[in-house]
Amino acid sequence: LFKLHRVGGVAAALLLLILGVSGSVMAFSGEIDCLLHPSLFKVVPEGQPLSLSQLASSAASALHAGEFIGTCLPSIRADVSDSFIVKAHHHIPRQIFVDQYTGRVLGSLSAVRFTSIMKTLHLIAGVLGCSSFILIFMVLSGLCLWWPRKQIKVNLSGDVQRLSFDLHNSVGLFASLFLFVFAITGIYLFFLPWVVRWRVGDKTGTSGEGSPCVC
């Protein structure tokens with residue numbers, strides 16, 4: 001069990017590093033985009049915002065041949081511009097930014113950029129699912145290994161190896177609850193598309209066959 005715990009720890013460390021970095025970028029994606037592209041995201045609040053139809057008309061004036069507006073992304077902050085996802089057949093989608101107070105088109109940016117790639121990486125089902133299942137095993141095996149000694153105290157007078165071992169035991173015990181919740185919610189998100197498909201199929205009276213829908 002100890003050897004399996006060590007192997008699982010190496011695998012979990014790699015997956016958690018990916019989830020940690022991509023999740024951090026995902027949490028601050030708005031701030032990162034504003035920092036990298038201030039002319040597109042920053043606006044000066046002036047009076048009341050224009051209606052959605054007026055903003056859509058402004059965005060439509062910047063469309064290229066064959067493009068169409070797919071999604072509106074209203075800003076949740078008064079000093080950040082509204083935007084529209086523009087799609088075209090056989091072309092990468094782009095994002096058109098509009099000043100919601102003046103209706104002026106601020107410019108466009110590819111929808112596939114650093115922050116969006118990191119969001120996609122964070123939400124990849126394989127990474128999320130594998131890390132969640134490994135974490136479940138790590139928590140349970142760690143508690144089994146900790147239980148015979150029930151060690152919480154950290155010996156600061158020992159060597160580095162002993163200090164690392166003590167810290168791993170004590171910190172691991174207190175972190176196990178958080179990691180367990182993280183793993184359970186991750187497993188739920190991993191199976192969510194199939195759960196939604198099953199519930200929709202059950203309500204509509206169909207078998208629910210086909211590709212799982214993603215919410």
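**Aromatic pairs and a threonine**

Modeller: Bearing in mind that this is a predicted model, phenylalanine 191 comes out as partly exposed, because its relative accessible area is 38%.

Colleague: And how exposed is phenylalanine 133?

Modeller: Phenylalanine 133 is partly exposed as well, with a relative accessible area of 42%.

Colleague: How many aromatic pairs do you count?

Modeller: The count comes to four aromatic pairs. One of them is tilted, namely phenylalanine 41 with phenylalanine 97, because the ring centres are 4.6 Å apart and the planes stand at 55 degrees, which falls between the 30 and 60 degree limits.

Colleague: Where do those two sit?

Modeller: Phenylalanine 41 belongs to helix α3 (residues 38-41) and phenylalanine 97 to strand β3 (residues 94-98), so their pairing ties together parts that are 56 residues apart in sequence. Both phenylalanine 41 and phenylalanine 97 are buried.

Colleague: What about phenylalanine 133 and phenylalanine 191, what geometry do they have?

Modeller: That pair is edge-to-face, with 6.3 Å from centre to centre and 85 degrees between the planes. Phenylalanine 133 is in helix α6 (residues 125-146) and phenylalanine 191 in helix α7 (residues 160-204), so this pair ties together parts 58 residues apart in sequence.

Colleague: Changing topic, what lies over the face of tryptophan 147?

Modeller: Lysine 150 does, at 4.2 Å from the ring centre.

Colleague: And threonine 71, which residues is it in contact with, leaving aside neighbours within four places in sequence?

Modeller: Threonine 71, which lies in strand β1 (residues 67-73), is then in contact with Ser83, Phe84 and Ile85. Threonine 71 counts as partly exposed, because its relative accessibility is 34%.

Conventions. Residues are numbered from 1 along each chain as its sequence is written. This is a predicted model: local features need pLDDT of at least 70, side-chain atom pairs count only at pLDDT 80 or more; totals for chains, interfaces and linings use all residues. Side-chain values use heavy atoms; hydrogens and water are left out. Helices (H or I, at least four residues) and strands (E, at least two) are DSSP runs, numbered from the N terminus. Buried means under 20% relative accessible area, exposed over 50%, partly exposed in between (1.4 Å probe, protein chains only). Contact means heavy atoms within 4.5 Å. Rings of Phe, Tyr and Trp (its six-membered ring) pair if their centres lie within 6.5 Å; planes under 30 degrees apart count as stacked, over 60 as edge-to-face and the rest as tilted. A charge sits over a ring if NZ of Lys or CZ of Arg is within 6 Å of the ring centre and within 35 degrees of the ring normal.
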